[in-house]
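Here's a quick briefing to read alongside the structure. Take a look at the model first, then run through the notes below.

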Amino acid sequence: MTAPVRSALRRSTLTRHAACAALALAALYALTTAAAPYRDLQIAQAAYLTCAVAGLTVLTGLGGQISLGHGAFMAVGAYTAALVIGHWGWPLAAVLPAAAGATAAAGAVVGAVAARLHGPYLAGATLAFAVGLPGLANYEPLTGVLGGQNGLTIVPPVPPAALGEAFPLERWQAWICCLGAVVTLFLLANLTRGRFGRTLRASRDDEIAAALSGVRVARLRIAATVVSAACAGLAGGLLAVVATLAAPGAFPLTLSLQLIAAIVIGGLGSLPGAVWGALILVYVPTWAADLSSSSGLSHDIASNLPLAIYGLVLIVVTLAFPRGVQGGLRDLGGAVRRRARGRRDRAPGPRAPAPSDTSGPTTTHPGGADEATPDEAGARPDDRGDAGGRGERLRR
Amino acid sequence: MVRFLNLTLAGITSGAVFAAVALALVLIWRSTRVVNFAQGGMLMFTTFLAWSVIDAGGSYWLALGAALASGLVLGAVVERVVVRPVEDKPPLNAVIVTLGLLVLLQAAAGMIWGDTPHSYPPAFTIRGLSAGGTRLLLSPFDLFVIGAVAAVMVLLTLLFVRTDLGLRLRASAFAPEIARLQGVRVGRMLTLGWALAALVGSLAGVLIAPSVFVGPAQFDAMLVFGFTAAVIGGLDSPAGAVTGGLLLGCALSYVSGYLGSELVALGALAALITVLMIRPNGLFAASTGRRV
């Protein structure tokens, strides 16, 4: 890399993020074209989940507001996409923003209600939201519009003719989803690096201090919910396009719970962590399913083994890496770097390892984009979530 | 009018079970500041154990005893093994650990007992009693449900208020540092608190089992409604849990009876929002001054 390019990247966050996005798109293009259709579908799933998880990262990781209802936001996005395609036949480039927009409106309503709530009270309200909303599809007066239990089917998107006759639909769907994920991450990265992210973190760390310094906390929280809901809505729209279906069964409570698990496993408050979380959501169950189907177990055991492994991974990762995969990687990178430095100091002879080798993990892993989030702050998002008062937190 | 009365009776019965689940959540929240999302999974597992006892030819009461005893053990083990390491970590980590436990318990139940739900016999007949020529939506079994939950509430209150052990439990929950200075073994008390909560939860599981059947995912709604009831009451208050449970039971019964059963979960949301709009920390929350 030449010096002027490097200095430009260092000076402008926007340029740096744009370069990261371009690199990611190129990598994803190479990945999707090399993969089989089945793998493309998994990439698409990971991509739309990344949108939702990244949105939740902003609300919960940076804003300290726990939401267990993001599955319901995804449902809003999916149904919006299905209705728009079904009734008006809009092109995808308009359908997906419409899904995000409608969900953002829903997020404004939920945010206005939830702005006063904290911790478990907010968790309870959003939990009821996640369980209650998909039930609307089965409500008698609405079954005609929303298709009841069977949901609404969507005409799958047709790959452009320019790509050739044999171009697989799955790869086209993966491209759409990856583009959505990269755009979402790019926008969120810029948003959280700026004033919005700063005030959001401030209000998470000390609400009263933030309010005293002129941050309008309630309004900020509503804005965070709207942003977060828009991402979930986009994810829902993409899900509907990939599954070619919007049905209540696609948005069970477990989806909402998986999203919140993904942000914690990935690393709270870090956008690269959101990517890790989404990847784990998609690949751990698949890997476990492959494992159980290849080992010739009885049906009951084989069908439940993926779930069991998933539960175990949740527990073990949370206990072993309390700051998530991203935090763990950062620790690992830091340790490797310190080690290298120590060794260099001790023996500056030929035994010293090349510094470029050992510092690799920390400079190239995607954490670079989000260093504004100090890990210590990210690790304790909402200490005043418990209503009883802070004094009670001292225990044992 | 009869319909309203019947819906109210049905609401009180289901509300009693919600109250028991809510009480389990409140006991755990008060002592460890953890919302136990695995509660539904834990009571599912103990109910399955009870079902196994009945399936093997045991009586209803033996099965009930097995459920309560296994609940006690399960609660203690869960606190010691998975919850203790995250108790001083950010609250979200506790949320994730309990969610992971929920998934793990559901998978384990599916592996052991299969995914198809099994029927569970009630202790008494579920044919409604009649009064003045009209049949009521209240059966001897419903009376047993209400009575059992009420008895557990009374016993717990006596334990917490009247006994030395109860005093130590309360001290560990409210002022652990001071309690430790006074010689209370706080860690042990917290384990006992979890065990007691899991016992109450396992009672709720056995009581609701005849109407929802027993399967790995059959008790998910119990967690949601129990949590909603606990939040309505104010998470810190056992009395609030009971009140919240009964209020929620009746509200859901009216929604289901007059509007449609698909809207029950939305009805819970509406009830929750209504209460939280008026009192953001629940009905029975102690009002605390804002500290700056």
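Chain B and chain A bury about 5300 Å² between them, and 71% of that area sits on carbon and sulfur atoms. Keep in mind that this is a predicted model.

**The interface between chain B and chain A**

- On the contact count, 58 residues of chain B meet 61 residues of chain A.
- How many salt bridges does the rule find across the interface of chain B and chain A? It comes up with 0.
- Polar contacts do turn up: 5 residue pairs between chain B and chain A, with both residues at pLDDT 80 or more.
- On chain B's side, the elements giving two or more residues are helix 1 (2-32), helix 3 (60-83), helix 4 (91-113), helix 7 (176-181), helix 8 (186-212), helix 9 (220-233) and helix 11 (264-278) of chain B.
- Sorted by type, the chain B residues that touch chain A come out as 35 nonpolar, 11 polar and 12 charged.

**Chain B on its own**

- There are 11 helices and 2 strands in chain B, and along the sequence they run α-α-α-α-β-β-α-α-α-α-α-α-α.
- Chain B has a radius of gyration of 19 Å, close to the 19 Å the globule rule gives for 292 residues, so it's as compact as a globular protein of that length.
- Along the principal axes, the C-alpha atoms of chain B fill a box of roughly 65 × 50 × 35 Å.

**What the UniProt record says, and how the model looks there**

- For chain B, an unreviewed UniProt entry lists "transmembrane region" at residues 6-27, 34-54, 60-82, 94-114, 143-161, 190-213 and 265-286.
- Residues 6-27 of chain B are 100% helix and 0% strand, with end C-alpha atoms 31 Å apart.
- Residues 143-161 of chain B are also 100% helix and 0% strand, and their end C-alpha atoms are 27 Å apart.
- For chain A, the UniProt annotation "transmembrane region" (unreviewed entry) covers residues 45-64, 71-90, 96-114, 121-139, 172-191, 222-247, 259-284 and 305-322.
- In chain A, residues 71-90 are 90% helix and 0% strand, and the end C-alpha atoms lie 24 Å apart.
- Further along chain A, residues 305-322 are 89% helix and 0% strand, with 25 Å between the end C-alpha atoms.

**Salt bridges**

- Side chains of opposite charge can pair when their charged atoms come close.
- Over all chains, the structure holds 7 salt bridges.
- One of them pairs A:Arg171 with A:Asp40, whose closest N and O atoms are 3.4 Å apart.
- That pair ties together distant parts of the chain, 131 residues apart: A:Arg171 is in helix 8 (residues 169-193) of chain A and A:Asp40 is in helix 3 (residues 37-62) of chain A.

Key: Residues are numbered from 1 along each chain as its sequence is written. Chains are lettered from A and ligands numbered from 1 in the order in which they are written. This is a predicted model: local features need pLDDT of at least 70, side-chain atom pairs count only at pLDDT 80 or more; totals for chains, interfaces and linings use all residues. Side-chain values use heavy atoms; hydrogens and water are left out. Contact means heavy atoms within 4.5 Å. Buried area is the accessible area (1.4 Å probe) that two parts lose on being put together, summed over both. A salt bridge is a side-chain nitrogen of Lys or Arg within 4 Å of a carboxyl oxygen of Asp or Glu. A polar contact is a pair of N or O atoms within 3.5 Å; within protein, one must be able to donate a hydrogen and the other to accept it, and residues adjacent in sequence count only if both atoms are side-chain atoms. Helices (H or I, at least four residues) and strands (E, at least two) are DSSP runs, numbered from the N terminus. Ala, Val, Leu, Ile, Met, Phe, Trp, Tyr, Cys and Pro count as nonpolar, Asp, Glu, Lys and Arg as charged, and the others, Gly among them, as polar. UniProt positions are given in the numbering used here, feature names are shortened, and annotations may be inferred rather than shown by experiment. The radius of gyration is taken over C-alpha atoms; the globule rule is 2.2 Å times the number of residues to the power 0.38.
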